[in-house]
Amino acid sequence: MKSSFKLRILASVVTMLCSSLVFAQNTVSGKVSDNSGKGISGASVTAGGGRGTSTDADGNYSLSLPNGSVTITASFVGFASVSKTVTISGNTTIDFLLVEAAGELDEVILTTGTRALPRSSINTPLPIDALHSADLKSTAQISFDKQLQYRVPSFNTINTPVNDATTLLDPYEIRNLGPSRTLILINGKRKNLSSLLYVQFAPGRGETGADLSAIPVDAIKRVEILRDGASAQYGSDAIAGVMNVILKDRVPYSTLTFNGGVTHKGDGETYGLAYNGGSNFGSTGFINYTIDFSQVNDATRSGTVHRPTEKATFGGTAAADAAIDAFLNVYPTAGNINGTGETQAAKFNYNLGLPVGDNSQFYSNAALVFKKVYSHANYRPPYWRLDYGLLHTPIPGAPNYTGGTDPLYEGYIGYVPTFDGDLLDYNGTFGFNSTKGGWKHDASITFGGNQQLYTVENTVNASIGTASPTFFKPGGFRFSHIVGNYDISKSVSDQLSIAFGTEVRSETYRIIAGDTASYSGEGANSFPGIREENATTNSRFNLGAYIDASWDISDAFLLNGAVRAEKYSDYGSSFVWKASSRYKFAGDKVVVRASISTGFRAPSLHQIYAQSTQAGFFNGLVQLSGLFNNRSKQAFLLGIPRLKEEESTNFTVGLGLNPVKNFNITLDYYNINIQDRIVLSSSIRSNDPTSQLYQILQQAGVVNIQFFINGIETRTQGLDLVANYRNIALGGGLLAINLAGNYTLSNEIIGTPNDPPAIADAGSTILSTQIRSILTESRPEYKAVLGFDYKMNKFGVSLNNTVFGPTRFQDLDNGGAVMNNIKQEFKTAVVTDLNLGYDFTSRISGYIAANNIFNVLPKWDLKLTGSPGDPNYAAAEATLNNTADRELLEGFLSFSGRYPVLAYNGSQFSQLGTIFQASLVFRF
């Protein structure tokens with residue numbers, strides 16, 4: 001018994017020892033470095049079985065692994081992965097040296113452009129740009145939309161010279177098609193639109209889009225831009241393409257970034273503080289969050305007033321002209337404060353992924369943005385506005401600049417109204433995905449909204465006399481949506497992948513009335529309030545479903561197809577489809593790709609219901625003018641139909657070459673035809689009492705009217721070129737050369753606009769020459785970016801040259817047929833940006849940059865158009881050859897010289913000139 005008992009104890013001890021040997025946890029550590037020996041922070045180190053980690057700021061990692069044979073893999077975006085199989089029997093040090101991969105980012109797995117399984121960028125049949133956060137930050141621009149402006153040739157955005165509500169949203173577009181025809185996604189889910197409907201006579205007029213500047217740049221991992229129509233996969237708004245913003249996920253380290261900047265004139269100061277951090281859970285879970293605070297001070301670029309134009313506008317008598325001279329002798333800019341407004345912003349963002357078992361994940365992301373802007377309207381000099389009794393106390397004996405002798409005007413110098421805008425933008429997604437039996441399921445709900453409220457100060461409503469306040473709340477706008485998605489995909493075989501799913505969406509648009517004083521009579525001067533009768537809340541609901549299939553007929557030949565049907569509660573149904581293909585040959589060094597698709601864009605709720613009217617006295621009667629929605633009585637009397645969807649046909653064909661290691665080039669042609677395109681009309685009026693138009697306007701109590709209408713058909717054709725040559729050994733470092741360009745072959749209106757009969761019979765049209773110009777030629781004819789990125793040890797430099805082609809505006813259409821032969825043309829310009837970086841330690845980096853280092857400003861001239869044989873052409877030519885007449889026209893286009901750089905519409909790039917930026921980044 002005693003012997004047997006001892007044997008059992010001995011066996012137990014041996015078993016425990018063996019188990020401890022087998023399951024002992026050992027520390028495997030090391031460093032992941034690049035060619036120069038510098039540690040790569042954020043690299044992934046995995047050992048299978050769900051075991052993995054990320055390197056810290058110095059490139060170091062540590063794993064706990066049991067005894068035995070294991071394969072450890074180190075990987076990082078832009079580098080070839082390295083795997084090592086080792087036998088673990090104790091604490092071990094294993095280092096990895098990663099070499100930059102040929103084509104660098106060409107192997108990034110893209111999630112945009114297909115609802116079936118993701119593909120690498122070299123295998124996709126569609127033109128897709130994949131820009132990582134480092135690419136965006138190399139521009140040294142402080143907002144996401146401006147980073148894209150200097151990185152993506154087909155993307156354009158501007159700051160307009162008139163700053164009120166537009167300070168809250170700069171219109172942007174891809175391929176000259178307006179902001180409403182590019183769908184914005186956050187982690188693959190639809191982002192909410194802005195509540196602002198853009199109505200300035202500038203690019204983007206009559207449209208709205210998502211607020212890109214609200215996305216904090218430190219939260220972005222990469223952005224994928226699909227340069228092709230994708231309504232069949234994503235639904236409405238994807239006619240020009242899709243932009244998918246991928247948020248940062250796993251957290252290799254936290255960063256704290258301080259940045260600041262100033263223009264070469266010492267104004268427009270920028271200050272920023274951003275923190276990005278979070279935690280990792282196991283090998284796949286994470287929470288990543290970003291907090292961003294920023295302020296941009298105003299920058300003034302007011303011009304000296306051109307007196308002949310000012311007198312032609314406000315003078316006309318000897319006394320009035322003398323008053324203008326007297327005022328401008330003291331105030332040569334007429335007191336104007338124009339340029340860019342002041343902006344304060346606070347942005348909060350998180351991205352969450354929680355593994356649930358081995359094959360499922362709960363995910364969520366959300367953002368909350370507060371923004372406040374402050375800007376100035378045009379100064380009201382005393383010879384323009386005579387509101388002396390409301391904003392002025394007479395100063396006996398002081399100069400009188402009104403051209404009269406009334407002592408009440410003595411010392412009156414006018415006033416400058418101010419505009420405050422408060423913005424709230426938010427979005428959030430909660431979802432769950434899982435894989436079972438090869439089927440991938442993804443269910444989510446997304447919500448989002450945007451609200452803008454306005455305040456106008458230091459102005460008056462002259463209609464209510466001395467009872468007028470000087471502080472007004474003109475109202476605002478609110479947009480919100482709730483989106484539900486359920487998507488299923490599966491690789492049926494090695495060659496075939498399928499996907500199908502559904503989306504339900506509810507949208508609400510609210511117009512918020514201003515206080516009574518802001519809209520009574522003529523309303524608050526500079527920014528009349530929203531009238532109570534125009535304040536409405538409207539909603540709609542839509543349901544969509546799609547099927548997507550991808551078939552690899554061979555390793556070289558791919559076919560992809562998708563169909564989608566949607567039902568809207570307000571206008572009806574849409575059915576669209578898409579087919580695309582890709583063929584590789586010559587050892588995968590040559591790729592040919594093409595796609596053809598139909599698409600649609602539902603009219604936005606803004607375009608359906610927006611109404612902004614102003615009362616005034618005309619011919620002894622109080623009558624309205626402004627924007628009337630096409631569900632109003634006025635629109636009904638004019639025979640304006642209700643809005644329906646736009647329909648498009650997209651065709652793209654492209655060629656890709658990868659002739660040698662590290663070099664690739666793609667060239668894509670696109671052709672986009674849009675039927676029933678929605679436009680905001682010209683201001684329609686009639687002075688002929690015998691015309692039906694005049695009688696209808698009188699019956700409607702309207703002097704002039706603007707409205708939205710499915711008014712035109714357009715065709716846009718162009719070329720996109722992207723070329724990269726990377727890993728060029730130079731002076732102990734590596735050089736990358738990037739060239740990207742966009743050339744618009746044509747951007748035209750086909751046929752004649754759909755003028756309602758009453759308007760056409762009166763000799764009027766929904767499209768003035770000015771609006772035609774905005775739609776077809778107000779963006780650069782071509783744009784290219786040539787960049788050089790050099791990295792050597794701790795030092796890095798980026799040099800980018802952006803070519804902005806000519807841009808044209810026709811703003812003289814009110815001058816009759818002669819003036820229609822004269823256009824304003826912004827000249828081709830090259831903007832050069834230099835960004836220098838240095839890693840002081842593995843945890844501290846500094847950057848200094850000079851944007852527009854050569855201080856290039858937009859420059860414009862007046863050009864003749866039309867045929868030399870036309871008498872109007874000859875008259876226009878004579879006008880331009882006369883110095884005084886030419887200067888007068890230039891003055892009209894720049895509001896008597898107040899806007900000397902941009903004129904009134906904006907140009908291809910910023911008017912601020914050289915801007916110096918610096919940032920300091922701490923990693924921990």
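Is F348 buried, partly exposed or exposed? With a relative accessibility of 30%, F348 counts as partly exposed. This value, like those that follow, was computed from a predicted model.

## Aromatic pairs across the chain

F348 has an aromatic partner in F293, and the two ring centres lie 5.9 Å apart. The planes of F293 and F348 stand at 85°, so the pair is edge-to-face. F293 belongs to strand β20 (residues 285-296) and F348 to strand β23 (residues 342-356), and the pair thus links distant parts of the chain, 55 residues apart. F293 is partly exposed, its relative accessible area being 40%.

The structure holds 32 aromatic pairs. One of them joins F258 and F922 in an edge-to-face arrangement, with 6.1 Å from centre to centre and 90° between the planes. F258 is part of strand β18 (residues 255-263), whereas F922 is part of strand β47 (residues 915-923), so this pair ties together parts that are 664 residues apart in sequence. F258 has a relative accessible area of 38% and is partly exposed. F922, at 26% relative accessibility, also counts as partly exposed.

## An aromatic cluster and residue F895

One aromatic cluster is formed by F314, F327, Y331, Y383, W384, Y401 and F895. F895 is found in the loop between α15 and β47. Its backbone has a positive phi of about 50°, although F895 is not a glycine. At 15% relative accessibility, F895 counts as buried, because the cut-off for a buried residue is under 20% relative accessible area.

## The helix pair α14 and α15

Helix α15 (residues 883-893) packs against helix α14 (residues 871-881) at an angle of about 95°, and the axes are 5 Å apart. That angle makes α14 roughly perpendicular to α15, because angles of 65 to 115 degrees fall in that class.

On the α14 side, the contact involves T879, L880 and N881. These residues meet T883, D885, R886 and L889 of α15. By class, the contact of α14 with α15 comprises two nonpolar, three polar and two charged residues.

## An open sheet of mixed pairing

Five strands, in the order β11-β16-β17-β14-β15, form an open sheet whose pairing is mixed. The pairing of β11 with strand β16 (residues 220-226) is antiparallel and runs over five bridges. Within it, L131 has V223 of β16 as its bridge partner.

How many residues of β11 are buried? Five of the five are, so β11 is largely enclosed by the rest of the structure. Both of its faces are covered: I128, A130 and H132 are buried on one side, and D129 and L131 are buried on the other.

## Two alanines in loops

A230 is found in the loop between β16 and α4 (231-234). At 0% relative accessibility, A230 counts as buried. Leaving aside residues up to four places away in sequence, A230 touches G235, A238, V242 and K578. The C-alpha atom of A230 is separated by 45 Å from that of N336, a residue 106 places away along the chain.

The loop between α6 (318-330) and β22 (339-340) contains A334. A334 is not a glycine, yet it has a positive phi of about 60°. A relative accessibility of 0% places A334 among the buried residues.

Which residues of helix α13 (residues 769-777) are buried? They are Q770, I771, S773, I774, L775 and E777. The elements that cover these buried residues of α13 include the strands β36 (663-680), β38 (708-730) and β39 (733-750). Also among them are β42 (807-809) and β43 (822-826).

Technical notes. Residues numbered from 1 in each chain as written. Predicted model: local features only at pLDDT ≥ 70, side-chain atom pairs only at ≥ 80, totals over all residues. Heavy atoms only, no water. Pairing = 2+ DSSP bridges. Helix = DSSP H or I, 4+ residues; strand = E, 2+ residues; numbered from the N terminus. Buried < 20%, exposed > 50% of the residue type's maximum accessible area, 1.4 Å probe, protein only. Axes fitted to C-alpha atoms, helices over the stretch in contact; angles between N-to-C directions. Parallel < 35°, antiparallel > 145°, perpendicular 65-115°, else oblique. Contact = heavy atoms within 4.5 Å. Nonpolar A, V, L, I, M, F, W, Y, C, P; charged D, E, K, R; others polar. Phe/Tyr/Trp six-rings, centres within 6.5 Å; stacked < 30°, edge-to-face > 60°.
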